[in-house]
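Trainee: I have a structure open and want to learn how to read it. Where do I start?

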Amino acid sequence: MSDFTADNGPAKGDAKSSLFHETTRTKRRNAAEARFKAYGIAAIATGLFFLVALLVAILGNGLPAFKQTFVTIPVELTEAKLDKSGNRNPEELAKVSTFGYKPVVTDALIAALKAEGIEIPFAKEKDVEDILSASVAAQVRDTVLANPDLIGETVEFRLLASSRVDGYFKGRVTRDALARDKNLDAEHLDVADAMVAAGLMKTTFNADFIFGADASESRPEQAGIGVSMVGSLFMMIVVLALALPIGVAASIYLEEFAPQNKWTDLIEVNISNLAAVPSIVFGILGLAVFIQIAHLPQSAPLVGGLVLTLMTLPTIIISTRASLKAVPPSIRDAALGVGASKMQSVFHHVLPLAMPGILTGTIIGLAQALGETAPLLLIGMVGFIASNMPDGIASGFIDPNSAMPAQIYEWAKRADPAYYERAWGGIIILLVFLMTMNIIAVLLRRRFERRW
Amino acid sequence: MNDMRIVRKDVDMNDTKISAKKVQVFYGETHAIKDVDVEIKDKTVTAFIGPSGCGKSTFLRCLNRMNDTIDICRVEGNILLDGEDIYDKRVDPVQLRAKVGMVFQRPNPFPKSIYDNIAYGPRIHGLAKNKADLDEIVEKALRRGAIWDEVKDRLDAPGTGLSGGQQQRLCIARAVATEPEVLLMDEPCSALDPIATLQVEELIDELRENFSVVIVTHSMQQAARVSQKTAFFHLGNLVEYGDTEQIFTNPHDERTESYITGRIG
């Protein structure tokens, strides 16, 4: 911009220029300023547009995952099929597998349809059972094993519908698509429509998606993110317990005690560089060191936490050092001046003043670690079904588990479009956690912000 | 305030409190203090004057080893406090600083309550046996700092909420709370308005009864008002040191005369 060329200004010796008249220079300057403002607004608008597009996509794709289609029917738990001996011996009851329960549930469905006068358009009536999820036999069996006295009675069950039926009500599955699908026929959908009309089938909120365990590839309707959430929780405990004390101790030493020389400069440069190392590098390091050399269990949240600790440390060290640096030197002088030792001045005065900054940095580091996927792939926290909640605290640390982002990745990889929907749903849950953590960080900063 | 009023108070031949011999200070390659010899008397206010960058603050910070916190700073020569070399290997600077307190250029109260500001020093040095003891120490220090009447009703209020002059008197009270023998003041009034300055100067005069006070100041009038001894520093050298009255009325060195008459600096 050529603000410095003077030829457009009022020439010397001109008649007095009026303040009411804009000179060419002023006009150009104002125009440049207006242009710059327009660029800024355009940039912000673009950013906002992408943000809104992202939110719409996430909510649009993910919200259906929180709802699920259920079939509510009375099931007659016939003694002849489930407990032939009739003595309710738990061991004998357990011998009846899900194959034994399947016909019971199918019969109950057929009976319920007939009771409502819904026609069954199949040559073999039994084929109608595909409306139900493959998991229902197990569900009924678990209920019976937990409470054998139910045998012989007719109990109302809330059973999962199959993912195709569920997708039909969510608009994901169409009748045309079913023509190429071996799992379900269009006739099933007719029955499903009739069941909805009769009040046997309903799409409602599904808490199991949030609290439940993952399921096999063929049963997306059963899958939940709860177990991997617990895996993430245990990893975060490891990260917090290791990264916070190590990071804070390292920063205090580097910032307050270490002499300024080549070695500390080198360490400083390396810490900054570590913060920029791709997370997958930490993953392969963890695989080599923690699993292959130290023989820690594979896929365990303990190992995941260790790897994420390595990754989070630079973030915590950098933010801790920044907040230590922000404490004015006059406070240190004051403490030293009344005869406090170096350590007393740090722990009595500097550290408490830097604490909000340290906590903010730690929470942001944790949030980063919570969303990290790549290193978890390398230490094996994906690719299997995390089907059970860990059994106690030790098991939570060392038994194979998954983590939220790894679970989402796993779902997104699976072929069934029902899993695609669940991946989006998982992202909503993950984002809620991350936003909560960031909001806490912001509130902490606001609450404890100090002025000198 | 009568500018250039020379305080005609008896300058007794007090004992020497601090004796510096051939002190050299280096900041990396820079030779900041050259060959300074000075004897600081007990129960006396000694003023260091001189133009900016002449080394007077640097020398002051040598007297309680605050320069130790600067990595590249190196001190040579001897500084004796009551005959003991404070740069001896056996000396712990923390113990030294309990004997030689310091007040800084900008008031720097801790962001804590007024009470805790004063009580911090006595606490870490274990000067109080119990809470009542500590209360007494705090009150005595605040009275000595001439700020008791202003803050006695709000000892729980944060020290940072006081006005600039009050904060500086609080810092002086904090420094005297640990019962030091020497009080170093690095331009204590440069961030204060004239009224607060007057209060602090009166306070310094009172402190003379109990402590040896060394004050660095930019203002020659202030040096003349509060001190009995004056040292003039120029370019890292101690040019002239003597009774304040003599320095201001009959300087021996040409540079001193130029400075106090306003021709240099």
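Trainee: What percentage of the 265 residues in chain B do buried residues make up?

Mentor: Keep in mind that this is a predicted model. A residue is called buried when its relative accessible area is under 20%. In chain B, 56% of the 265 residues are buried. For chain A, buried residues make up 44% of 452.

Trainee: Which helices and strands does chain B have, by number?

Mentor: Count 10 helices and 10 strands in chain B. Its radius of gyration is 18 Å, close to the 18 Å from the globule rule for 265 residues, so chain B is as compact as a globular protein of that length. Along the principal axes, its C-alpha atoms fill a box of roughly 55 × 45 × 35 Å.

Trainee: And chain A: how many helices and strands?

Mentor: Chain A has 19 helices and three strands. Here the radius of gyration is 32 Å, well over the 22 Å that the globule rule gives for 452 residues, so chain A is more spread out than a compact globule. The C-alpha trace of chain A spans about 110 × 70 × 35 Å along its principal axes.

Trainee: Now the surface. Which residues gather in a patch of negative charge?

Mentor: Asp and Glu count as negative. On the surface, Asp127(A), Asp130(A), Asp185(A) and Glu187(A) form such a patch.

Trainee: Where is Asp185(A) placed?

Mentor: Look in the loop of chain A between α7 (175-178) and α8 (186-198).

Trainee: Why does Asp185(A) count as partly exposed?

Mentor: Partly exposed lies between the buried limit of 20% and the exposed limit of 50%. Asp185(A) counts as partly exposed because its relative accessibility is 35%.

Methods: Residues numbered from 1 in each chain as written. Chains lettered and ligands numbered in written order. Predicted model: local features only at pLDDT ≥ 70, side-chain atom pairs only at ≥ 80, totals over all residues. Heavy atoms only, no water. Patch = residues over 30% accessible without salt bridge, like charges linked within 9 Å, V, L, I, M, F, W, Y side chains within 5 Å. Areas by Shrake-Rupley, 256 points an atom, 1.4 Å probe, with all protein chains shown as cover. Salt bridge = Lys/Arg side-chain N within 4 Å of Asp/Glu carboxyl O. Charge placed at Lys NZ, Arg CZ, Asp CG, Glu CD. Helix = DSSP H or I, 4+ residues; strand = E, 2+ residues; numbered from the N terminus. Buried < 20%, exposed > 50% of the residue type's maximum accessible area, 1.4 Å probe, protein only. Rg over C-alpha atoms; globule rule 2.2 N^0.38 Å.
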